[in-house]
Amino acid sequence: MVINMKNYDEIHYSVMKTEAIDALEIKPDGIYVDCTTGAGGHSYSIAEKLSSKGRLICFDQDKNALAIARERLSEFSDRVEFVNSNFSEAGNILDAMGIEGIDGVLIDLGVSSMQLREAERGFAYMLDGPLDMRMNPDAELSAYDVVNRYSEGELRRILKEWGEEKFAAAIAKKIVARREKEEIKSTFDLVSVVESAVPAAAKKGGHPAKRTFQAIRIEVNMELLVIKPTLDALIGKLNRDGVIAVITFHSLEDRIVKHTFAEKTGKCTCPPGFPVCVCGCKAEIKVYKDISPCKEEIEKNPPSHSARLRCAKKL
């Protein structure tokens, strides 16, 4: 795969790149992990700060994205390794690689702009394509399966929990009614169903299918279920003063990161009213950064407006 270097930033915009790289406080000879490599924007900025003795392990479950990143970072082949895997396996894979400690890890939980621009991936409600939404193209479960096979109750649950959709019941009912007549095969088919279920007055606050697509994408890729165990594992791998930096894009994932960090700072997790602490909490990290994109970045890349960067350092 040959890509013109000057076009990389057009392929994928790396949100809060400067802030994230600065937060990692990169040591030239250190070991770093990019859990969500994408087109390699953040990875490139990490790699160029490393010496030949440094090491960067790049994870991504999308083979196409990893191929682009491999090409982009080819000049750093002496210090960069690529792993085609979901970041939920990062801890186990690092163990298998014989890596006992790392100096920093970056996790960007956003959907790649590359994937959003590819109609055939089925992530975008503004582009017509097959109902797919798999970040790993080889995964079994797709958006088509969720929409056409899940029960009305299951659909209502994921729309409410993963999408925080107030019209979850109405949308789930419409989906089931439509598929009884014919299968819902494309993104635009699903959009039309959602639009028929959402009241006209509610359509003024943004695209009516946004939350539905978010919910189904999260379900297909099990996005929220893997965040906490991954954070637990990677925080455990950090060397002293090692940094974990996490970029989130919506309240559900940000809440998980915030609460996990809080637990790791030694905050008691016992139920209110317990006379004595029994959770055995112990401080492992210190949270030292919680920021949003600057005005200039939001103007340049509007989808970044909901991003949030949380960073913590190993004690």
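**Exercise 1.** Is Met16 buried or exposed?

*Solution.* The model is predicted, so local features are taken only where pLDDT is at least 70 and side-chain atom pairs only at pLDDT 80 or more, while totals for chains, interfaces and linings use all residues. Residues are numbered from 1 along each chain as its sequence is written, and side-chain values use heavy atoms, with hydrogens and water left out.

Step 1. Locate the residue: Met16 is found in the loop between α1 (8-11) and α2 (17-24). Helices here are DSSP runs of H or I with at least four residues, strands are runs of E with at least two, and both are numbered from the N terminus.

Step 2. Apply the cut-offs: buried means under 20% relative accessible area, exposed over 50%, and partly exposed in between, with a 1.4 Å probe and protein chains only. Met16 has a relative accessible area of 0% and is therefore buried.

**Exercise 2.** Describe how α10 and α11 pack, and name the residues that make the contact.

*Solution.* Step 1. Helix α10 (residues 187-197) and helix α11 (residues 210-221) pack at an angle of about 125°, and their axes are 10 Å apart. Axes are lines fitted to C-alpha atoms, for helices over the stretch in contact, and angles run from 0 to 180 degrees between N-to-C directions.

Step 1. Angles under 35 degrees count as roughly parallel, over 145 as roughly antiparallel, 65 to 115 as roughly perpendicular and the rest as oblique. The two helices α10 and α11 are therefore oblique to each other.

Step 2. From α10, the contact is made by Thr187, Leu190, Val191 and Val194; from α11, by Thr212, Phe213 and Ile216. Contact means heavy atoms within 4.5 Å.

Step 3. By class, this contact of α10 with α11 has five nonpolar, two polar and no charged residues. Ala, Val, Leu, Ile, Met, Phe, Trp, Tyr, Cys and Pro count as nonpolar, Asp, Glu, Lys and Arg as charged, and the others, Gly among them, as polar.

**Exercise 3.** Which residues of α8 and α11 make the contact between these helices?

*Solution.* Step 1. Helix α8 (residues 152-161) packs with α11 at an angle of about 105°, with axes 8 Å apart. The helices α8 and α11 are therefore roughly perpendicular to each other.

Step 1. Arg157, Ile158 and Leu159 of α8 meet Thr212, Ala215, Ile216 and Glu219 of α11. The classes in the contact of α8 with α11 are four nonpolar, one polar and two charged residues.
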